[in-house]
Amino acid sequence: MSNMRRNYGPGFAAFALLGAACGGAAAPSTELVSARNAYTEARNGETAKLNPGGVHEAAEALQKAEAVHKDDAGSQREKNYAYIALRRSELAIAAASEALARQEQQRAEQTYKSELEQKSEQATQQSSQYAQQLTQTQRELQQNTQTLQQNRQQLQEARIAADQAQAELRQAEAVREEEGRLIISLSGVLFEPGGTTLSTLAERRLDTVAHALGAYANRPIVVEGYTDAQGSARMNQELSQRRADAVREYLERRGVNSERIRAVGKGESNPVASNETAEGRANNRRVEIIVDRESGTPSSGDSSSSVENGATQSPSSTQGSSRTANPPGNFPSQSSMPRTSPPAEAPAAPRE
Amino acid sequence: MRACKFCIPALAVLVACGGAELNQTRATDVQAAVLAAEQVGAGDQPKPALHLQLAKEQIEAAKRLAADGDQANSNLLLERAKVDAELAMQLARTEREQDSARQAWEKIRDLKKQSTR
């Protein structure tokens, strides 16, 4: 029924308009012209699609107005019917506009919903990413905390080991510290007279030293050999070098890394006691093992003057730098070195 | 709407008392249309208010014609008044829907603005 009305209305009105135009009737009233125009607008625009029922009613109203116009042109009746027809067309257009607005509103609501869903999805994704980052950061923090704890523990253990090693050494040997360096001085009978073979007692003492050196794994070590002032300076120099080499080799055999240890012959330089007495000479015949500062920190013993002063260094030394040697007969500059007697002249041949 | 149910018979009675010759059925229809237009707020918006006013004036004119015995033109004026009242109501509803649609799109624009901040 509704479809029939839709098809019938506009066609019929068009027919009526055509009839009016061809009939040669009197001129239509202003109201009728307005009604015809409004109907044309309603029929040809979106209104026909959105509100076909309303357009049909407008067509019927216009048809009635046209009929009255035909019978009684220019009358008040014509104007009244034309007025009603005009309002019917306006009503149809307004109702169609309402339908259109409602469609727009629905479309907007749908769009709004989609936007919200999209935003919600984005927020969820972002939240998930943040959660992952947080988890990752927490994991890294936990790992770092564990590593820190391990490092602290290792450091503590290393300190304890170093303290123990120092304590052992202090019991067994003369140990002193100078400018961050640890100096272990071994004197007394270490070698057979005039030779470079370590005595059994010396080896035992060096075992203790080797054990203690393990606590300073990252620090360079210098073995310095010294003689008394008897014999020629040249021979004393060579002898001190060989003896320093012997100590270095022994320490290497006992596990000290060869890459961080070197031997330096100091000859009769840096006496710690007078060479005039047998006791003083015995103290001057010694080997000093110097545990230097951490790698990369220059030792106070390294200086250009050592070359000038003729100190020799073990050919097997991996570091290749010279060690300071004071001129024969001079006491060391270190204030901590005991000075027991004035230096003696070097004898012609080494005698120990 | 409940108020409307009470008002329409009351108006019909008033109309009946005002002029004996006015078509009661049509007059009641027109008054119902006027009330319906007023209820959707036609009086608050310029264009619907104009048609509402026209409807009311035409009712008064119809009464006068009926009183003069011009029943035919009185009926026609009532018909004109009715279609004006219907148009007033329709225009009011249309404007309301268009406002709602505008607000809905405005809401989307605000949402998009928030997203870009």
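**Note on salt bridges and the A–B interface**

1. B:E38 is partly exposed, at 34% relative accessibility. The model is a predicted one, and the values in this note are computed from it. The side chain of B:E38 meets that of B:K56 in a salt bridge, 2.7 Å from N to O. This pair links distant parts of the chain, with B:K56 in helix α3 (residues 46-68) of chain B and B:E38 in helix α2 (residues 24-39) of chain B, 18 residues apart. B:K56 is also partly exposed, its relative accessible area being 33%.

2. On the fold of chain A: the chain has nine helices and six strands. Of its 352 residues, 42% are buried. Among contacts between residues at least 6 apart in sequence, 73% join residues at least 24 apart. Chain A has an accessible surface of about 18900 Å², and carbon and sulfur atoms account for 49% of that surface.

3. On the interface: 25 residues of chain A contact 27 residues of chain B. The area buried between chain A and chain B is about 2500 Å², with 65% of it on carbon and sulfur atoms. Three residues, A:Y83, A:E98 and A:Y112, supply 21% of what chain A buries against chain B, more than any other three residues.

4. On polar features of the interface: four salt bridges are found across it, along with eight residue pairs in polar contact. The side of chain A that touches chain B has 10 nonpolar, five polar and 10 charged residues. A:E98, named above for its share of the buried area, forms a salt bridge with B:R93, and the closest N and O atoms are 3.2 Å apart.

5. A:R87 is buried, with a relative accessible area of 8%, whereas A:E90 is partly exposed, at 27%.

6. A second pair of this kind is A:D245 and A:R248, whose side chains meet at 3.7 Å, N to O. These two residues are three apart in helix α7 (residues 233-253) of chain A, so about one helical turn separates them. A:D245 is buried at 13% relative accessible area, and A:R248 is buried at 4%.

7. A network of salt bridges links A:R176, A:E178, A:R181, A:R286 and A:E288.

Methods. Residues numbered from 1 in each chain as written. Chains lettered and ligands numbered in written order. Predicted model: local features only at pLDDT ≥ 70, side-chain atom pairs only at ≥ 80, totals over all residues. Heavy atoms only, no water. Contact = heavy atoms within 4.5 Å. Buried area = accessible area lost by both parts, 1.4 Å probe. Polar contact = N/O pair within 3.5 Å; in protein donor to acceptor, adjacent residues only side chain to side chain. Nonpolar A, V, L, I, M, F, W, Y, C, P; charged D, E, K, R; others polar. Helix = DSSP H or I, 4+ residues; strand = E, 2+ residues; numbered from the N terminus. Buried < 20%, exposed > 50% of the residue type's maximum accessible area, 1.4 Å probe, protein only. Areas by Shrake-Rupley, 256 points an atom, 1.4 Å probe, with all protein chains shown as cover.
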